[in-house]
Amino acid sequence: MIELSQSVRLERSGDVAVLVVDSPPVNALSWHVRQGIHDGMVQARESDATAVVLICAGRTFIAGADISEFGGNAPAAASLPELQALMEDSTIPVVAAVHGTALGGGLEVALCAHFRVGLASSRYGLPEVNLGLLPGAGGTQRLPRLVGVPKALDLVTSGRHMSAAEAFEEGLIDELVDGDWDALRSAAVAFAQRVVADGGELIRVADRNQRVLADRGNDAVFAEYRAIVNRKARGFLAPEYNIRCVEAAANLDFADGAALEQKLFFELLTGPQSAAQRYGFFAERAANKIPGLSPETKPLAIGQAGVLGAGTMGGGIAMNFANAGIPVTIVERDAEALERGLAVVRKNYERSASRGSITAETVEQRMGLITGSVDKADFASCDIVIEAVFEDMELKKAIFAELDGICSPHAILASNTSALDINEIASVTSRPEQVLGMHFFSPANVMKLLEVVRGVHSSDEVLATAMALGKQIGKVAVMVGVCNGFVGNRMLFMRGAEAERMLLEGATPAQIDSVLYEFGFPMGPFSMSDLAGLDIGWKEATSSSSTIREVLCESGRRGQKNGRGYYLYDPETRAATPDPEVEELIAEFAAGQGIKPREVSDQEILERLLYPMINEGAKILDEGIAIRGSDIDVVWVNGYGWPLYQGGPMYWADSVGLSEIVERIRHYGATLGGRHWELSPLLERLASEDGKLQSHQSQS
Ligand code: HSC
Ligand code: NAD
């Protein structure tokens, strides 16, 4: 065995050279990995080896370029194209042996082998689009040459991972291997030996033109994908750039396509969107690290979950468990509410099946994991129960006291409250160390964010369990502290207060919404309010015309569900149009308060919506409610539709400039007043020190 670099070694299996990459955690293509593969290829060529197998140790094949090297100062080493050329032009066969995931640059390396074999559990993808990039090492040119143009478009625009079975069917891999890593290594060596024995011609993927030629000049297929990405990824640059590259693969020869790919890759790499998206990647992973929580803390096993309440949130929360294969008991207060809740769950699954994202069999299998009941005693065997009843402290306290008596002593009790004090809820139980908040976002089966709310007594084991469970059910979990609204809603309240104020001053709902839409949010505060239901938390009996929302509810408006809210909704298409009656009601309300209407500029709207959120975010950091600035960004991107290409509120504030923001907050504080314009001391300090919110770590 020869150590080629700190992370690559050259071994022999009979007459086959085996290059082993061993660079934990994910064998990314750091400088030493590139140099090692490069040197290994040179040495194999100079030796008497008849073939080369490239395989990785540890949990996965190469997961891509080393993202942390982008824009950094990594030591000089062989470039990716250099080592790819050595593989592709090799006169002895090169076989890539894949386990785990072959992603991004990792798949691009495998595409320069003459053959690929993979474990049945392996997965393949070009997820660069999620980092605001495109595959810059030939992936957009080679992949369509194996799988065809439409499939390549699907993969590069979605970034999804395809299974080994699909990869085999599509011709991306040449052999599927059952078994473990040793079986893969043996199978790859045997495959290489067979190729040598057959003595056939070695054809480079770059030279296989048949499948791309089939779509030369086929404008329709590119138009179809452009329509998809315009709908699903509005405002993002990378999807369109990926399409352009695959279009070049179809319409140009390999060298010209590859040259365009290089040019567009570097354009994206040096642009602001990819910088923000790469920041988001690391921010999400940093959120998993909880200072003071020992990495040795073992999460508890969750074999059976319980959910109380089958309303808007409870049903969606239960679906998350069923989707992850965890049996879940859902308890309602009566049979009718239970039936209604379960029917919504079934309808959601059936809608997914009708769109083809799951099979009819999966619908039944998932419904089979959900058991409905009207008796909380059925929670006795659950390892965790998540409460999702009405937002009412007295009700929640009564319920937690009852659950404490029913549930097994080891069970975790969680609340999905949007804003209430978890410590007060925990205080009625005999196990406050096993109580915490698990705040899901609506629709709970879709939205990625999970705020894990740490009570003063929540134990390390319980917190580690909630974080691990979040990952297991496909959520992005962020640990937050107790305060009114935690991180996300507390900041949202500030935005909402200012939005309502601007309506009184003369801005219209449509103008305010469109400013946020143009910024990149899927919708503004008033469209969101109409979608959620204007009457959430509103009670006719106590309504006193004291806010615009109350006035609108009193006039019979309920939002999208009855076609009238801040906007009017077309009953067929659900398209929104401004409602002149609403504008009149607002004007009357403002006049009643002695406010004279004026023109409010879009810039003022943007500042007044976002700056109070930044200010509140800084206060949240200062109080230790969020662990680090980047956690706040993870919350807003995954729970509230903050456009990922703008990084998140803390990242965006840093890019605007904290001094500029402080100056504007002072201005609005002096002219408008209100608690949310009281400048955060932390923000003021960071601005004066040229510090950054995104990298600020809370001290408490
Ligand atoms: C790319 O490949 C561009 C290419 O086209 C090349 C272009 C070059 C052109 C040059 C021309 C001259 N880098 O997610 P986890 C770390 S772009 C660095 O918790 P899991 C991660 O930060 C890349 N680090 O694990 C974490 O570190 P920590 C395309 C990476 O098991 C640890 O690994 N590839 C890294 O849940 C564990 O990560 C991708 O986008 C990377 N590429 O999931 C794949 N990948 O422990 C990105 C991971 O210190 N990665 N880390 O926090 C993933 O999707 C997931 O990490 C996996 C594992 C599915 C691999
Ligand atoms: P919802 O009104 O849609 O559902 C509440 C359900 O709880 C109802 O089906 C009701 O019958 C049931 N319920 C009430 N008392 C019960 C009892 N004693 N036993 C069993 N079931 C009982 O409310 P929701 O929107 O699902 O909200 C539930 C919780 O989630 C609230 O605390 C809310 O603040 C929080 N939350 C809501 C959202 C949202 O967008 N809707 C988002 C995050 C968190």
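1. A residue is called near a molecule or strand if one of its heavy atoms lies within 4 Å of it. With that cut-off, 30 residues surround ligand 1 in this predicted model, and the closest are R59, E108, E128, R285 and K289. Residues are numbered from 1 along each chain as its sequence is written, and chains are lettered from A and ligands numbered from 1 in the order in which they are written. Because the model is predicted, local features need pLDDT of at least 70 and side-chain atom pairs count only at pLDDT 80 or more, while totals for chains, interfaces and linings use all residues; side-chain values use heavy atoms, with hydrogens and water left out.

2. Polar contacts of ligand 1. A polar contact is a pair of N or O atoms within 3.5 Å; within protein, one must be able to donate a hydrogen and the other to accept it, and residues adjacent in sequence count only if both atoms are side-chain atoms. A polar side-chain atom of K289 lies 2.5 Å from an oxygen atom of ligand 1, and one of E128 lies 2.7 Å from an oxygen atom of this ligand. For K471, the distance from a side-chain N or O atom to a ligand 1 oxygen atom is 2.9 Å.

3. Ligand 2. There are 19 residues around ligand 2, of which M313, E332, E391, K396 and S418 come nearest.

4. Domains. The protein is divided into domain 1 (2–268), domain 2 (305–453) and domain 3 (507–592); the bounds come from an automatic or database domain assignment. Between the C-alpha centres of domain 2 and domain 3 there are 30 Å.

5. The seven-stranded sheet. Helices (H or I, at least four residues) and strands (E, at least two) are DSSP runs, numbered from the N terminus, and two strands pair if DSSP finds at least two bridges between them. Seven strands form an open sheet with mixed pairing, in the order β1-β2-β3-β4-β5-β7-β10. β1 (2–5) and β10 (175–177) are the edge strands; each has a single partner strand, so one side of each is left without a neighbour in the sheet. Neighbouring strands are turned by 25 degrees against each other on average, direction ignored. Such angles run from 0 to 180 degrees between N-to-C directions, with axes fitted to C-alpha atoms, for helices over the stretch in contact. β1 and β2 (residues 8–13) pair in the antiparallel sense over three bridges, and S5 has V8 in β2 as its bridge partner.

6. A helix on that sheet. Helix α7 (residues 181–198) packs on the sheet and touches β2, β3 (16–21), β4 (51–56), β5 (94–98), β7 (115–119) and β10; contact means heavy atoms within 4.5 Å. The direction of α7 makes about 160 degrees with that of β4. Leaving aside neighbours within four places in sequence, R185 is in contact with E11, R12, S13, V18, V20 and I55.

7. The eight-stranded sheet. Another open sheet with mixed pairing has the order β13-β12-β11-β14-β15-β16-β17-β18. Its edges are β13 (370–373) and β18 (476–481), each with a single partner strand, so one side of each lacks a neighbour in the sheet. Helix α14 (residues 335–354) packs on this sheet, touching β12 (328–331) and β13.

8. Strand β14. Strand β14 (residues 384–387) pairs with β15 (residues 412–415) in the parallel sense over four bridges. I384 stands opposite I412 in β15, and I386 has A414 as its bridge partner there. Four bridges also join β14 to β11 (residues 305–308), and these strands run parallel. Both faces of β14 are covered, with I384 and I386 buried on one side and V385 and E387 buried on the other.

9. Backbone details to check. The peptide bond from P24 to P25 is cis, with omega near 0 degrees, and P25 is in the loop between β3 and α1 (31–46). N27 is in the loop between β3 and α1; N27 has a positive phi of about 55 degrees although it is not a glycine, and is buried at 1% relative accessible area.

Methods. Buried < 20%, exposed > 50% of the residue type's maximum accessible area, 1.4 Å probe, protein only.
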